[in-house]
Amino acid sequence: MFLTIGTTGTPDRPATDLGFLLHKHPDRAQAFSTAHGTAHVLYPEASAERCTAALLLEVDPVALVRRGRGRDRGPSPDGALAQYVNDRPYAASSLLAVALGKVFASALKGRCDARPELPGRALPLRIEVPALSARGGPALVRRLFEPLGWTVTAEPVPLDDRFPEWGDSRYVRLVLEGERQLSDALRQLYVLLPVLDDAKHYWVAPDEVDKLLRSGAGWLPDHPERELIAGRYLTRRRGLARQALERLALARLAEADDAEPEEFDNAVEDDGPEEAGPEGAGEARESGAASGAVEGAGERPPVPLAVRRREAIAAALRDCGATRVLDLGCGQGQLVAALLSDPRFTEIVGMDVSPRALQVAARRLRLERMGERQAGRVKLIQGSLAYTDTRLRGYDAAVLSEVVEHVDPPRLPALEHAVFGAARPRTVVVTTPNAEYNVRWESLPAGRLRHHDHRFEWDRAAFRDWARRVAGRYGYEVAFAPVGPDDPEVGPPTQLAGFTLPVAVPERPGRTERTGRREAAPAPAAPAPAATPTPTTPKEATTA
């Protein structure tokens, strides 16, 4: 099996610069030992005008079989073929991808010590793979390479030229043409060759997720077929594929906000226990003041405020008759677990921007050990409330429990549109801290927010002003309720707003009942925080 990489040049930029990028001199043929044979690099042509490098992998079938034995190896490339008679020496597959990674390792990384300016230069490339195993045919080949900007030629190889009625084989002759950096092209081939073959010659371990994301950096997060690519590259190991997709989604969000993925994936404290959610020691710290109980002999232990919040939310959901519920910003899944214990909630979806939080939630819920019927009621998904998401449509109710205060005020209108405008459940329940009550926390220094990630904390007036504006803009009615003891001076520790859609209101926001015409309205500005500074570090978090 082999592939060729060609380019053209000018006297100022000779095509033989390809030799510098590949770290292989055009005047020499070189051989490299691999686990399953020998890889040869040679140049069929090398001039200032045209230069072509060829990678030829000479597979040792005996070594392939010997190394492939054992229960911890990957699936057989084709169960219909015998051990020593197969297509591995002839058709491009994961074997060629591994050889590509070994022989052209520096080129894959975009490193050229002799000519540091070359890796960042786009070249007119022509890559040809004469025999590529493509389960999915030419159509799939085009779906994978065309979104990357390549001009794709994928010609099916007939089973037998003498008998055209037999049809085409699963192999194609692939030609890619386009102007791009060589490192990008090599990384795309490294991933997509085994994806098209839909098999690997080695056992896929968890570190393959890192390899996929490393090679897919810059192109895979936005690829329309990223789910298929992740599934096939990881040989349909669902757990690994899910992990890869979550990290890809995180990379997309970070890139859109010009931030680092770590800034989003911060819902779980690195040095804290699982039980300590985004409010740190919140449940333990809040419990004494919020419960109103007096410590002493014979007194029942105080009820933590977090527990009271979950009870109040569940009661609001029961009152509105909701059965299919979204927990947006579900964090570590405490509310999901509480709702799961009530059989009236037939479907519960927890969404969070943080994959780490979702992993903790899955462990808390024991999803892997859950019975089939119970598991069918709950689902955890990764996503951001800064963007509309079609997966959130059609539910009875949505909960934003201790979420809005984690969002930078300028981004609140995006959250409002995503929840109230696009998802548009019949009921939305929002809880948030009451900044006025902070004086009752003995352990909270004056002027400090309850959690380091809070962007603001509203007092009662600011929260009600925001809630009424959102309700008016999107056609909801809103009512308010306290959570925890309602202090006569400073109010409750947590404030709750319940938004409901009146039956007579049209299902789409911004339309009048009489004309159905859309009414243009500017996005409302977020209310300013109540006497508390907003941190200057940019970050979006939707966890609670």
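Student: Is α16 mostly covered or mostly open, and how many of its residues are buried?
Tutor: Helix α16 is mostly covered, with ten of its twelve residues buried. Buried means under 20% relative accessible area, exposed means over 50%, and partly exposed lies in between (1.4 Å probe, protein chains only). Please note that this is a predicted model, in which local features need pLDDT of at least 70 and side-chain atom pairs count only at pLDDT 80 or more, while totals for chains, interfaces and linings use all residues. Residues are numbered from 1 along each chain as its sequence is written, and side-chain values use heavy atoms, with hydrogens and water left out.

Student: What covers the buried residues of α16?
Tutor: The cover includes β8 (324–328), β11 (397–401), β12 (427–433), α17 (460–474) and β14 (494–500), a contact being heavy atoms within 4.5 Å. Among the buried residues of α16 are Leu 412, Glu 416 and Phe 420. Helices (H or I, at least four residues) and strands (E, at least two) are DSSP runs, numbered from the N terminus.

Student: What follows α16?
Tutor: Arg 424 follows α16, and its phi is positive, near 50°.

Student: Turning to charges, how many salt bridges are there?
Tutor: The count comes to 26 salt bridges, where a salt bridge is a side-chain nitrogen of Lys or Arg within 4 Å of a carboxyl oxygen of Asp or Glu. One of them joins the side chains of Arg 455 and Asp 408, at 2.8 Å from N to O. This pair links distant parts of the chain, 47 residues apart: Arg 455 is in the loop between β12 and α17, and Asp 408 is in the loop between β11 and α16.

Student: Are Arg 455 and Asp 408 buried or exposed?
Tutor: Arg 455 counts as buried at 3% relative accessibility, and Asp 408 counts as buried at 11%.

Student: Which residue pairs with Arg 236?
Tutor: Arg 236 forms a salt bridge with Asp 198, their closest N and O atoms being 2.7 Å apart. Arg 236 is exposed, with a relative accessible area of 52%.

Student: Which residues are linked in a network of salt bridges?
Tutor: The network links Arg 126, Glu 128, Glu 155, Arg 173 and Glu 177.

Student: Finally, how much of the whole chain is buried?
Tutor: Of the 544 residues in the protein chain, 49% are buried. The chain has 17 helices and 14 strands.
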